[in-house]
Amino acid sequence: MKKPAFLFNQRITVLVAVLVILFIIFAYGSLIYPHSWFQPSGGSLEPPSVTHVLGTDDLGIDIFAQLSRGFFTSILIGLMAAAIAFMLGGVLGGLAGYFKGWVDESISFVINLFLAIPQLPIMIVMGAFFGPSIVNVVLIVALFSWAPIAKIVRAKMVERIDSNYIRLAKSYGGGFFYIVKTHLLPDILPVLSVNAIAVIGKAIVQEASLAFLGLSDPLSKSWGLMMNKAINFKGIYFMDAWIWWLLPPLFCLMGTILCIRLISREIENQLIND
Amino acid sequence: MLKKIILFICTFMVIYTFNFFIPRLMPGDPFSYTSSVSGEDIDGISEADLETMKAYYGLDRPIGAQFINTISSNLNGDFGQSIHYKKSVIEVIGERLPWTLVIMISTLVSSLLLGVSLALVGLRRKKMDGLIYTTATLLSEIPAFLIGILLLFLVAAQVKFIPLSGNVTPFKSFASWPAYWFDVFIHALLPITAMVIITTPIFYFTARGSFLNVLKKTYVLNAKGKGLSEKQIRYKYIVLNGIFPVITRFFLSVGACLGGTILIENVFAYPGLGKILQEGVMYRDYVLIQGVFLISSLMVLTASFIADLINEGLKKTRGINQ
């Protein structure tokens with residue numbers, strides 16, 4: 001079997017390598033690094049030193065430990081939201097494309113409805129309603145990420161469903177699951193996966209946005225929450241603390257999002273070229 | 001077209017219904033907030049007082065009656081009293097909406113102009129185009145509020161004459177209108193800059209794709225054959241024919257722009273809709289959240305509807321031409 005071409009793409013290799021390096025650094029920070037991510041381990045707002053690699057925050061909690069914890073929170077939220085969006089988008093988009101008529105009409109209607117609703121305001125309202133917890137953030141993000149995926153999957157299905165080989169398979173008596181599994185899934189899966197990867201990045205951004213507005217779990221450490229605390233600290237503009245308190249989560253967030261989004265973009269280009 | 005209108009109305013109705021029901025299911029109670037100082041819960045409030053207040057705000061009636069009542073008063077332009085600000089919601093939104101619009105409209109207009117100009121530059125110089133394309137790709141993935149925070153600390157905190165937050169200098173009386181407008185401008189400068197940095201790529205990509213499409217058309221070849229100058233071709237043929245997708249994109253971007261503005265306003269403490277939305281959630285001000293959410297949804301929905309109309313109209317004129 002021929003290996004997919006994107007495994008040989010240099011840019012993707014570099015991007016994945018960056019993510020792996022980040023993973024290793026933050027795994028060190030979570031597992032081996034001596035300081036706790038929720039308990040004070042030094043003085044208030046200590047600058048970076050040998051004991052505290054990135055200094056401490058206002059409560060004396062180590063920044064690097066928080067940062068490491070935040071990485072896994074972000075990635076976990078991204079993965080879970082993407083997994084749900086992947087399932088919902090794949091199933092609903094697939095159903096709409098396979099069965100035409102009223103099934104397609106009604107699912108397409110719901111898709112368009114979700115695409116039309118402005119996302120952040122409704123996420124803020126729902127975040128406030130469900131209460132700030134990780135599970136709720138995941139569910140809210142997933143709820144507003146599946147529609148674009150479903151739309152793409154549906155379009156792809158509609159494009160394929162009328163081709164002769166599907167008609168032939170149907171006329172030989174191939175059932176829904178058989179046809180989807182053998183003839184449609186191999187085409188749909190790459191598109192679906194690329195979009196799911198893109199959702200990971202989007203989910204991380206949205207979680208950070210909600211956390212920045214104070215709508216994420218206040219007990220879990222996330223990068224958005226760290227920035228929220230730093231920026232709302234009185235007098236932060238008049239001291240140097242923002243350099244080690246605010247900038248690390250900000251740049252980590254930017255870097256992680258960029259890596260994930262660019263990976264999905266590169267794979268997509270690769271798929272188009274193939 | 002009928003489908004689009006139905007979708008527009010249905011979406012609005014779904015949002016409206018959702019908007020009515022969800023705040024009522026939120027945990028917490030606004031009354032225990034209003035009767036305390038700086039948002040701390042107190043339990044000094046008696047049951048009887050609570051009942052009186054609930055009756056006063058109509059929150060003791062069955063949910064169906066509340067819903068019908070809400071619709072009828074909304075139709076009369078009454079969106080209730082804000083529990084936190086103790087003013088009518090329309091008044092609060094009326095004060096804040098213009099500031100959000102200042103940011104959104106300046107962002108969208110300057111991003112459109114900048115994006116189209118960058119695309120035009122890219123058409124002439126292939127090397128520049130590659131550079132712009134890569135930069136735009138990177139920037140388009142970064143959320144605006146992160147850039148806002150960077151600008152806040154790297155620019156506003158370092159440069160004296162750029163303020164850190166707010167929309168106008170408080171308690172200052174201005175000698176003339178230009179002085180006032182300058183103050184407004186300098187306050188809005190950084191929020192708008194942050195927004196423009198991430199919105200420009202959207203317009204650049206749309207314009208670039210559309211212009212490259214027009215370039216392939218035979219009438220451009222014909223124009224070249226006639227001996228028209230590069231400049232004439234660029235402005236009369238490429239820009240005029242390729243601008244419509246960009247204009248559609250302008251209206252489609254309102255939603256994303258609103259999301260960005262809500263966050264940016266919270267970075268720069270800019271007193272627009274985003275700030276009161278966040279405050280409304282913090283103080284559990286149901287009525288205010290409802291109003292803000294409704295207004296912002298209506299704005300975004302109408303904008304996408306206009307985009308649909310333009311697309312539809314375009315299809316028709318193209319159909320006649322063919």
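A salt bridge is taken here as a side-chain nitrogen of Lys or Arg within 4 Å of a carboxyl oxygen of Asp or Glu. The model is predicted, so local features need pLDDT of at least 70 and side-chain atom pairs count only at pLDDT 80 or more, whereas totals for chains, interfaces and linings use all residues; side-chain values use heavy atoms, with hydrogens and water left out. Residues are numbered from 1 along each chain as its sequence is written, and chains are lettered from A, with ligands numbered from 1, in the order in which they are written.

**View 1. Salt bridge between Arg154(A) and Asp104(A).** The two side chains meet at 2.6 Å, N to O. This pair links distant parts of the chain, with Arg154(A) in helix H6 (residues 146–161) of chain A and Asp104(A) in helix H3 (residues 102–116) of chain A, 50 residues apart; helices are DSSP runs (H or I, at least four residues), numbered from the N terminus. Arg154(A) counts as partly exposed at 24% relative accessibility, while Asp104(A), at 10%, counts as buried (buried is under 20% relative accessible area, exposed over 50%, and partly exposed in between, with a 1.4 Å probe and protein chains only).

**View 2. Salt bridge between Arg11(A) and Glu266(A).** The N to O distance in this pair is 3.3 Å. Arg11(A) belongs to helix H1 (residues 10–31) of chain A and Glu266(A) to helix H11 (residues 247–273) of chain A, so that the bridge links distant parts of the chain, 255 residues apart. Arg11(A) is exposed, with a relative accessible area of 57%, whereas Glu266(A) counts as buried at 14% relative accessibility.

**View 3. Aromatic pair between Phe212(A) and Phe145(B).** Over all chains, the structure holds 27 aromatic pairs, that is, rings of Phe, Tyr and Trp (its six-membered ring) with centres within 6.5 Å, their planes being stacked under 30 degrees apart, edge-to-face over 60 and tilted for the rest. The ring centres of Phe212(A) and Phe145(B) lie 5.1 Å apart with the planes at 35°, and the pair is therefore tilted. It crosses between chains, from helix H8 (residues 176–212) of chain A, which holds Phe212(A), to helix H7 (residues 144–156) of chain B, which holds Phe145(B). Both Phe212(A) and Phe145(B) are buried.

**View 4. Aromatic pair between Phe12(B) and Tyr16(B).** This pair is tilted, at 6.1 Å centre to centre and 45° between the planes. Phe12(B) and Tyr16(B) are separated by about one helical turn because they stand four residues apart in helix H1 (residues 2–24) of chain B.

Definitions and conventions
Helix = DSSP H or I, 4+ residues; strand = E, 2+ residues; numbered from the N terminus.
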